Amino acid sequence: AAAADVVVLAVKPRVVPAVTARISDALAASRPLVVSIAAGIGLARLESLLPEGARVVRAMPNMAAGVGQSMTALTAGSRAEARDVEQVRALTDLVGRTVVLEERDLSAFVSLASSSPAFVLTLIEALARGGLLEGMPKAQAVEIVTQAVLGTALMVQAEADRRASTGSGRSPADLVDSVCSPGGTTVAGLVALERAGFSDALIRAVQATVARDRELGA
């Protein structure tokens, strides 16, 4: 810590106070940029644990960083400068995409990016079980569903990038409409999902995750 330009607090939230206490003298002497990826510990709390005047940026990657496809959020502390945020962004962009948010939006981000991989994995597993029920080998069903989910996500991303650059690009709802033929198989499946409360269940999952994140950070 004494020799670093950037110190990353990549530890469990419960041990952050002990870690910052241990390196406090080194941080006070070298004044590095401090980056925290500890969930649930807000900027005000982090700044209170660090030497006076510390520059802090919170970063929240997700599990897809392991394959270079993370969605990471950054939010800057009261003393962090624009160049500090850009320095951290240069690091997080190496493992995926990065957005800069206000801290008040981080709880929603936790649900939409940090927790949602578990929701999507549950979706993949459920769809694969459907294939298994219809007689398809499980491994093959997982492969098929995984590629379908990956391709769909890339399509949504491409349309969003097109909309950002040209002003014209299809939304997820537009893409849904494009794959639904009148009286066809896809719309039959969608109606079955909605009758089972699919969209409502996902919205409730987001709300539950946000509520829990705020409890942990209280």
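In this structure, the side chains of Asp93 and Arg89 meet in a salt bridge at 3.9 Å, N to O, where a salt bridge is taken as a side-chain nitrogen of Lys or Arg within 4 Å of a carboxyl oxygen of Asp or Glu. Before I go on, please keep in mind that this is a predicted model, in which local features need pLDDT of at least 70, side-chain atom pairs count only at pLDDT 80 or more, and totals for chains, interfaces and linings use all residues. Residues are numbered from 1 along each chain as its sequence is written, and side-chain values use heavy atoms, with hydrogens and water left out.

The structure holds 13 salt bridges, and I will take up some of the others.

One of them joins the side chains of Arg204 and Asp200 at 2.7 Å, N to O. Both residues lie in helix α9, which spans residues 198–217, and they sit four residues apart, about one turn of the helix; helices here are DSSP runs of H or I with at least four residues, numbered from the N terminus. Arg204 counts as exposed, at 54% relative accessibility, whereas Asp200, with a relative accessible area of 40%, is partly exposed. There is also a network of salt bridges that links Glu47, Glu52 and Arg79.

In helix α5, the side chains of Glu125 and Arg129 meet in a salt bridge at 3.4 Å, N to O, and because they are four residues apart in that helix, about one helical turn separates them. Glu125 is partly exposed at 31% relative accessibility, and Arg129 is partly exposed at 46%.

Glu125 also takes part in the contact between α5 and α6, which brings Val120, Ile124, Glu125, Leu127, Ala128 and Leu132 in α5 up against Lys138, Ala141, Val142, Val145, Thr146 and Val149 in α6, contact meaning heavy atoms within 4.5 Å. The residues of this contact divide into nine nonpolar, one polar and two charged.

As for the geometry, the axes of α5 (residues 106–133) and α6 (residues 138–166) come within 8 Å and cross at roughly 135 degrees, so the two helices are oblique to each other, a class left over once angles under 35 degrees, over 145 and from 65 to 115 are set aside.

Methods. Axes fitted to C-alpha atoms, helices over the stretch in contact; angles between N-to-C directions. Nonpolar A, V, L, I, M, F, W, Y, C, P; charged D, E, K, R; others polar. Buried < 20%, exposed > 50% of the residue type's maximum accessible area, 1.4 Å probe, protein only.
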